[in-house]
Amino acid sequence: MTLDEEFLMDEEENKREMAFIREQLPSELKEKYSDDDLLFIMDTIGEYFFSTGILETSDDEVDIDLDAISEYVCKEAGKAGRNKFDADEVFFVVQADLDFQEQ
């Protein structure tokens, strides 16, 4: 598979994930986040898992703190100079992202 094909597959997967997340969000949040915002949040969730070592654990039962992830996303958004995100609202995006990953 070429690098271009791999990028295309990643882009398609991101579109499916964003559609799933939007579908899962409460109605008042469905249009609040742009595609760029959702991509940032999705990427930052991945960074959280890498930085905390959760992905390296051998436990079958990993306790994932959605509030901690939401706070991390909001903190990173501030560092990146992005719109201020509300952790209570980002929580729903985090939850939907994890639901998508579990499919």
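**Exercise 1. Work out how G46 is placed: buried, partly exposed or exposed?**

Solution. Start with the location: G46 lies in helix 2, where a helix is a DSSP run of H or I, at least four residues, numbered from the N terminus. Next, take its relative accessibility, 23%. Buried means under 20% relative accessible area and exposed over 50%, with partly exposed in between (1.4 Å probe, protein chains only). G46 therefore counts as partly exposed.

A word on the model: it is predicted, so local features need pLDDT of at least 70 and side-chain atom pairs pLDDT 80 or more, while totals for chains, interfaces and linings use all residues. Residues are numbered from 1 along each chain as its sequence is written, and side-chain values use heavy atoms, without hydrogens and water.

**Exercise 2. Find which residues touch the most other members of the largest nonpolar core.**

Solution. Such a core joins buried Ala, Val, Leu, Ile, Met, Phe, Trp, Tyr and Cys residues through side-chain atoms within 4.5 Å. Among its 25 residues, I41 and F85 touch the most other members. Now see who contributes: helices 1, 2 (35-52), 3 (66-79) and 4 each supply at least two residues, and helix 2 gives the largest share, 7 residues. Finally, zoom in on I41: leaving out residues up to four places away in sequence, I41 touches Y33, V73, F85 and V93, with contact meaning heavy atoms within 4.5 Å.
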